[in-house]
Each structure stands twice: as structure tokens, then as C-alpha cells.
Amino acid sequence: MDDADVRRRSKAFSKPEPGSGENPGDGRRKRLSQRRVRRDNQRQDKDEESATTPDGPPYARRKKSPKAVFRKAGKMTPRNSFVVDSSSDDTHDADIDALVSEVKTKHEIAGRNAGQQKGKLAGSLSVRDDLGAISFSLSYDDEESQLTLDLKQCSGLKAMDRSGYSDPFIIVQLIISGKCVSEKRTPTIKRTLDPIFNERIKYPAISELELRDALLRLQVLDYDRVTKHDFIGEVSMGLKNISPNSVECFNLRLQQKNQELSRVDRSAADAAPNGKILISLTYHSVEEVLVVKILRAAGLPPKDTNGLADPYVKCYLHPDPKKSTKQKTKIVKECLDPEFEEEFRYPVSRGDLRSRTLAITVWDYDWNSANDFIGSVYLGETETGTGHKQFLDCLNLPNIPHTVWHTLGVERRTF
């Protein structure tokens, strides 16, 4: 491409207006010249901003432009460097001393702040050592020989999980004469440090003599699905000062684990792992009717995931091939110490009753699966233990109610 073609193309792209008299290349050159002047002015302004006089700030920022120089010092200013006037050694030394003293002052202030923060942290740790508190009430009915414990709530529990919360539940132990006669557990309350339980636990057949030598132990633990449950705290108190027929409220601070109480004999509690049931028998000789009263049960084992059960009782008078004597109580929801207070009547002669067996079984109701068997007790002339004694007393002493606590067994018979 020769010069004639270049000139021809430039004229084609930059045609002047008719009658203007302008050279086609003059406008483009003028615009380029103005742009170059503006660029040089901006670069000069940046260089002036990067330069600092000795009376100005002690630090100068190094610009990307290589022409950014410290004009009066006559040298480049590196980033974050201390700018001094090289013409005066005294000023240089004074500035260095001032910088050193400033750094020392900053270190001293930082040290004091660190000490204060350490003291605050120690104070916060001492507060965190508090395990929390538990609120409950106790009452004793001397007429029914029954001790009642109402677990209300816990407050300010120690966080045991990474989430900053705990999943607390309570294990309640009743210790009499150094033996744990009952051990029960409340449901688990998820993700809280202030759980509200509102659980009532009844201990029937506790005499006043036993109450004087009884000890109540409440352990608060954090539930863990995979690993061992974490211990949070516990309280223990003697029951000899509990006044009968009155309600006493307590709010106690949780303490560390008592190792001596951890070694108590639990054989008495393990002797009735399926709980107990209170049954009353009365034979009316005139009407020839056997009256069976299912009063209550106590210490039933938990069968559901919430740590409770939905118990009910079934009753048969065997032999009964057609199951015509089947009787069933109501279902008590979410309870391990249910009260039934229900009565069943069986018309039968005394002679025929001697060859019959009363079978009483306790079940846990499940709406979406088969009901769970909890325990059983059999009463009859051929039975042993409390079942034999109560049945004979009912036959030999008619028209009088005979009430006995029975330990539930695991036997399931087929007649």
C-alpha cells in the first residue's frame, strides 16, 4: 500500500463538512494533542501528591509511577517508609527517637489491655463453673403412706454441646437404708439450658419409719445419642424432716458428683425392673361375685422414645377358652406411675373359684405397631408368693377387701 492509498483512505473516513474549509486531519490531531496534554497534567498532579515536604506527614505513599520522587530530599519514597530530610542528621536522630518511644508506648498500652482482658476472662470462667439450679417439691401422705415428688424445672444449666445448649434429663433415685429402692428417669428436653419438666413421681407404700432413713438423689445429665451421657450436676437431700400432709418447695444449686452415692446398692431397684402393681380382691359370698380392683402401678420401665410409656392392664380369669372374661382398663398416656382405679366383677362360686387363676398383665399401647408387654402377675391357689397369699385370704375371709402390692414378672403364660 503506497502513500496515495493511505491519503485516499484517510480522506474517506474523515470527510469535512461542505464549505467548512477544514483539513480532514486537523481535527484528529487536535483531539490527540488535547488528550496528551490532559494525561501529562494528571501524571504531574499525581507526582505532586506523592511528594511530601518535611513539614508534612512523616509517611509518604509510594505511587506506581516511577517518576514519583521526594522533590526536596531528591530520592524515591518507598511504601510505608519513614521520610526524613537527609540534609540534617540531628533531625533524623530526633525522629528515630520519637518513633521508638511511640512504639514502646503502644506496646505498654497493649500489655495493659491484655491484662484487663485476661482478668475479664478469668471472671467469666468462674461464672461458667456454676452448674445451674433445680426446682422441685415434696409431699408425704401419711394415710396412704405415699411420697410424691414434683419435678418443676432447671435453670442456668451448663452447656455441654457445641451448639451452646444441652439436652437435659433427670435421673431420680430413692435410697433407703443405703439401698436404691427406686430409680426413674424423666423425658429429655432438647436444646435448652432452662428445661421445664413438670413431672410427678409417686412412691407408694413408704412408711414413716422408712421415710426417716430415706435419701433423695436427683442427677441432671445431658443426653447423647452415640456417646455416654454427660454429667451436669446433682443434688441429694435427706427426707427425715419432711412434714406429713404438707407440700415443701425447694430450689437447690447443682453440685459435683457424689462418689459415695454412686456406690450405693442398687439391687433393691433391680429386683423390680418391670415395676409393681397394686391390686385389691374382694369375694362377696352372698352375690357369689369376685371383685377385682386395679388401683395403680409404679416404677414401670420406659417403652417409648420419649422415656415414658402408655400403660394399660388386661385381666382374665382362666381357664377361659372363649376369652369371655377379658377385661381391660383405660390407657394412661405418657406415665410410668399410672393410676387406674377401675373395678372388674366376675360371677363365680367359691368352689369354682378355687380351680381358677386370675391373670393380670400390663401393656404399653402403640398406635402404629404391636403393643409392648411390660409385666404380669398371677393369683391363684396353686401360685406362689404374694399371688398365692392374697388369693387364699380372699377365699377364706370373704366380704373384706384385700389389697397387696405385687412385683411384675416377665412370664407370659398360655392357658
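**Sheet and core packing**

Strand 13 (residues 276-284) and strand 14 (residues 289-298) run antiparallel and are joined by nine bridges. The model is a predicted one. Both strands belong to an open sheet of four strands, and both supply residues to the largest nonpolar core, which has 32 residues.

**The sheet**

- The strand order is 17-14-13-20, and the pairing is antiparallel.
- Strand 17 (339-347) and strand 20 (402-407) each have a single partner strand and stand at the edges, so one side of each has no neighbour in the sheet.
- From one strand to the next, the twist averages 20°.
- Within the pairing of strands 13 and 14, His284 has Val289 of strand 14 as its bridge partner.
- Helix 8 (residues 386-396) packs on the sheet and touches strand 13, strand 14 and strand 20.
- The direction of helix 8 makes about 165° with that of strand 20.

**The largest nonpolar core**

- Among its 32 residues, those touching the most other members are Ile277, Ile279, Val292, Ile294, Leu358 and Ile360.
- At least two residues of this core come from each of strand 13, strand 14, strand 15 (311-318), strand 17, strand 18 (357-364), strand 19 (372-380) and helix 8.
- Leaving aside residues up to four places away in sequence, Leu358 touches Leu281, Val292, Cys315, Tyr316, Leu317, Tyr346, Val377, Tyr378 and Leu379.

**The second core**

- A separate core of 30 residues is also present, and its members include Leu131, Leu174, Leu211 and Ile232.

Conventions:
Residues numbered from 1 in each chain as written. Predicted model: local features only at pLDDT ≥ 70, side-chain atom pairs only at ≥ 80, totals over all residues. Heavy atoms only, no water. Pairing = 2+ DSSP bridges. Axes fitted to C-alpha atoms, helices over the stretch in contact; angles between N-to-C directions. Contact = heavy atoms within 4.5 Å. Core = buried A, V, L, I, M, F, W, Y, C linked by side-chain atoms within 4.5 Å. Buried < 20%, exposed > 50% of the residue type's maximum accessible area, 1.4 Å probe, protein only.
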